[in-house]
Amino acid sequence: MKTLVIVSHPNLQESLNQQFFKEASQSLSITWHHLESVYPSGEINQNDELALLATHERIIFQFPLYWYSAPAHLKIWQDTVLAKASKVLKGKDFGVVVTTGVAEKEYQAGGKEEFTLSEFLRPYQRIAHKFQMNYLPPFVLAQFMYQTSEIRFERLIAYQQYLSLTGKPSLVQRINWFLEQIEKNTHFSEPQKSYLLDGLKEQQEMIEDLTFTLGELKEENE
């Protein structure tokens, strides 16, 4: 699966969030498409963008939340491209990666922002439905500069899976992803690889057995 990450950020080099994302995606088979770099004047080439969309199976909008919306370049892109994009978008995955300077817990009823991020991102969900796309749960990175190294590593893995795993992956699919990454990693010695692979495969078998058992119980109760 080829993923197109359409990034909109006016100061990409100064953004810790976007540099984190860019580094995390370097080992993946994705196309990183920064709108402000490709179109500094803001004049989007519709034909070029449609051709790019046609060659990818997963489309990701990635941007910082500016006043509950996206930066200007992404809005211009939508106005320019989407009117002609129905044939190249139908049936594909569509996701949103958003960064915020406010803690994620504040985006809820009773929080400082009052509404959830899913509510603020509802227009993108509507775009997905209009073009008969598979809308993925939004990926949120909040207050990156305050996160511990452990949390940053967890978010890095989650981001890589968000870009590369098909559809809305199960736990078994996530384990399979880890198995593939370990197999490809040249930094581990063979004993280390064997130890990690054996442990993950054991967990995978346990999950598959549990899933089978739950399925049988469900059938008995129907």
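Arg126 and Lys130 are exposed on one side of helix H7. In the predicted model, H7 spans residues 122-130, and Tyr124, Ile127 and Ala128 are its buried positions. Viewed down the helix axis, these buried residues fall within an arc of 100 degrees, so they line one face of H7. An α-helix has 3.6 residues a turn, so residues three or four places apart point the same way.

Several elements cover the buried residues of H7. Among them are strand E3 (58-64) and strand E4 (93-100). Helix H4 (72-81) and strand E5 (134-135) also contribute to this cover. After H7 comes Gln132, which has a positive phi, near 55 degrees.

Helix H8 covers residues 149-164 and has 16 residues. From first C-alpha to last, H8 reaches 23 Å. This is close to the 22 Å expected at 1.5 Å a residue. The buried residues of H8 are Ile157, Tyr159, Gln160, Gln161, Tyr162 and Leu163.

A nonpolar patch lies on the surface. Leu16, Met145 and Tyr146 make this patch, which has an area of about 390 Å². Leu16 belongs to helix H1, residues 16-25. Its relative accessible area is 53%, and exposed means over 50%, so Leu16 counts as exposed.

Notes. Residues numbered from 1 in each chain as written. Predicted model: local features only at pLDDT ≥ 70, side-chain atom pairs only at ≥ 80, totals over all residues. Heavy atoms only, no water. Patch = residues over 30% accessible without salt bridge, like charges linked within 9 Å, V, L, I, M, F, W, Y side chains within 5 Å. Areas by Shrake-Rupley, 256 points an atom, 1.4 Å probe, with all protein chains shown as cover. Salt bridge = Lys/Arg side-chain N within 4 Å of Asp/Glu carboxyl O. Helix = DSSP H or I, 4+ residues; strand = E, 2+ residues; numbered from the N terminus. Buried < 20%, exposed > 50% of the residue type's maximum accessible area, 1.4 Å probe, protein only. Expected span 1.5 Å × (residues − 1). Arc of directions from axis to C-beta. Contact = heavy atoms within 4.5 Å.
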